[in-house]
Amino acid sequence: FAGGCWQQVTTEASQATLASVAPVFAVMKLDREGNTTYFEKKKTELYQELGLQARDLRFQHLISIATRNNRIIVRMEFLKAVITPEFLLILDYRNLNLEHWLCNELASQLAGEGQLVTYSLPFEFRAIEAILQYWISKLQGRLNTLQPQILETLEALVDPKLLSVDRSKLHILLQNGKSLSELETDLKVFKETILEILDEEELIEELCLSKWTDPQVFEESASGIDHAEEMELLLENYYRQAEDLANEARELRVLIDDSESIIFINLDSHRNVMMRLNLQLTMGTFSLSLFGLIGVAFGMNLESSLEEDPRIFWLVTGIMFLGSGLIWRRLLSFLGRHLEPPLPPHVPAVLKKSLPAAARTEVKSSSLKAEPFGLSRSTLTNE
């Protein structure tokens with residue numbers, strides 16, 4: 001079956017998509033047993049056969065799950081589907097991103113293979129679960145692709161030994177951050193779509209198509225098997241999975257923000273070192289220039305009795321270098337005194353004893369709460 005499906009998809013993918021030039025859908029139909037048929041249908045004929053309106057097949061939203069006339073209309077970006085109690089329609093299925101899923105996984109899921117429940121779920125349950133599972137796997141795959149790239153880039157950037165930042169690494173981090181933002185947006189929209197259904201019991205009831213069309217399912221509902229509750233549990237399961245992915249993406253975002261702070265701190269530290277060195281050299285130049293005036297005075301070609309003494313040259317040179325060194329050391333000590341960080345204020349012992357027990361407990365608990373954040377920041381810096 002997989003080989004025939006692959007051949008069918010590849011042969012039709014070589015043809016021009018009729019839906020792009022005319023209101024015609026390339027439709028892939030799957031029934032309860034997983035049997036697959038392919039055909040092309042005009043949009044007007046399709047929505048008349050399904051009992052829908054023309055606006056129902058416009059798929060304006062990127063992600064949406066809606067019901068109309070005992071039909072479920074699903075849009076997951078490029079995945080457009082219509083679910084009925086008897087079959088599933090995949091519209092405009094000629095998409096390279098769907099080949100593996102359509103040919104190898106979807107049919108077996110719709111046939112009910114691998115179910116963990118003791119009774120057979122209605123067809124619309126299996127169809128919705130297959131689509132939601134596919135979309136969650138796509139989001140998980142995007143996160144699994146971004147996470148190692150971001151961690152590798154941050155590890156290369158957050159290095160205290162680096163005097164400058166590699167612009168190529170920053171460009172990669174920028175692109176990955178943009179992709180992460182898009183993933184967070186998709187997860188947010190997906191969660192909001194599921195949450196809108198979970199907040200309305202009527203919408204959950206409308207998703208249970210077979211409850212009102214299949215007498216056997218109606219009897220199961222009357223006997224205590226609440227299919228609406230099963231649908232709610234199904235949607236909550238994928239909502240929790242999306243929430244877990246959103247938390248992982250949020251942790252990556254926090255890690256990027258913390259790493260940016262560390263990068264700026266490292267660059268500021270190196271910049272301060274260079275500024276301090278520049279200031280020290282400027283002080284040395286000033287000291288040499290100050291005592292160099294003595295040599296300028298002797299170089300004015302004015303006659304005096306000092307130039308006749310052979311010891312004057314070494315004496316004046318020694319005074320110049322010694323005075324310059326002393327002035328430079330004096331300036332450096334002045335610079336060191338004014339650039340040292342201020343000491344924390346001293347708390348008298350009497351004030352410590354006068355603190356109430358509740359205040360000491362509150363201070364102790366707050367310090368314990370702040371310890372993990374400092375530990376994580378130091379750990380990230382060491383890495």
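Residues are numbered from 1 along each chain as its sequence is written, and side-chain values use heavy atoms, with hydrogens and water left out. Because the model is predicted, local features need pLDDT of at least 70 and side-chain atom pairs count only at pLDDT 80 or more, while totals for chains, interfaces and linings use all residues.

The chain has twelve helices and six strands. These are DSSP runs, numbered from the N terminus: helices are H or I with at least four residues, strands are E with at least two. Of the 383 residues, 32% are buried. Buried means under 20% relative accessible area, exposed over 50%, and partly exposed in between, with a 1.4 Å probe and protein chains only. Among contacts with a separation of 6 or more, 64% join residues 24 or more positions apart. Contact means heavy atoms within 4.5 Å.

Start with the sheet. Six strands form an open sheet in the order β2-β1-β6-β5-β4-β3, with antiparallel pairing. β2 (36-42) and β3 stand at the edges with a single partner strand each, so one side of each has no neighbour in the sheet. From one strand to the next, the twist averages 20°. Two strands pair if DSSP finds at least two bridges between them.

Now take strand β4 (residues 72-76). Five of its five residues are buried, so β4 is largely enclosed by the rest of the structure. In a regular strand the side chains alternate between the two faces of the sheet. Both faces of β4 are covered: Ile72, Val74 and Met76 are buried on one side, Ile73 and Arg75 on the other.

β4 has two partners. Strand β3 (residues 63-67) pairs with β4 in the antiparallel sense over five bridges. Ala66 has Ile73 as its bridge partner in β4. Four residues lie between the strands of this β3 and β4 hairpin, where Asn69 takes a positive phi near 55°. Strand β5 (residues 79-83) also runs antiparallel to β4, joined by five bridges. Here Met76 is bridged to Leu79, and Ile73 stands opposite Val82. The hairpin of β4 and β5 has two residues between the strands, and Glu77 takes a positive phi near 55°.

Helices lie on the sheet. Helix α2 (residues 43-50) lies across β1 (24-31), β2, β5 and β6 (87-91), at about 115° to β2. α3 packs on the sheet too, touching β1, β5 and β6, and its direction makes about 45° with that of β1. Axes are lines fitted to C-alpha atoms, for helices over the stretch in contact, and angles run from 0 to 180 degrees between N-to-C directions.

Helix α3 covers residues 99-110. Its buried residues are Glu99, Trp101, Leu102, Cys103, Leu106, Ala107 and Leu110. Just after α3, Gly112 takes a positive phi of about 90°.

α3 also meets helix α4 (residues 123-157): their axes come within 9 Å and cross at roughly 145°. On the α3 side, the residues are Trp101, Leu106, Gln109 and Leu110. Their α4 counterparts include Phe123, Ala130 and Tyr134.

Finally, look at Ile319 in helix α10 (residues 312-339). Ile319 counts as partly exposed, at 41% relative accessibility. Leaving aside neighbours within four places in sequence, Ile319 is in contact with Phe291 and Ile294. The C-alpha atoms of Ile319 and Gly292 are separated by 10.0 Å, and these residues are 27 residues apart along the chain.

Note on methods: The expected span of a helix is 1.5 Å times one less than its number of residues.
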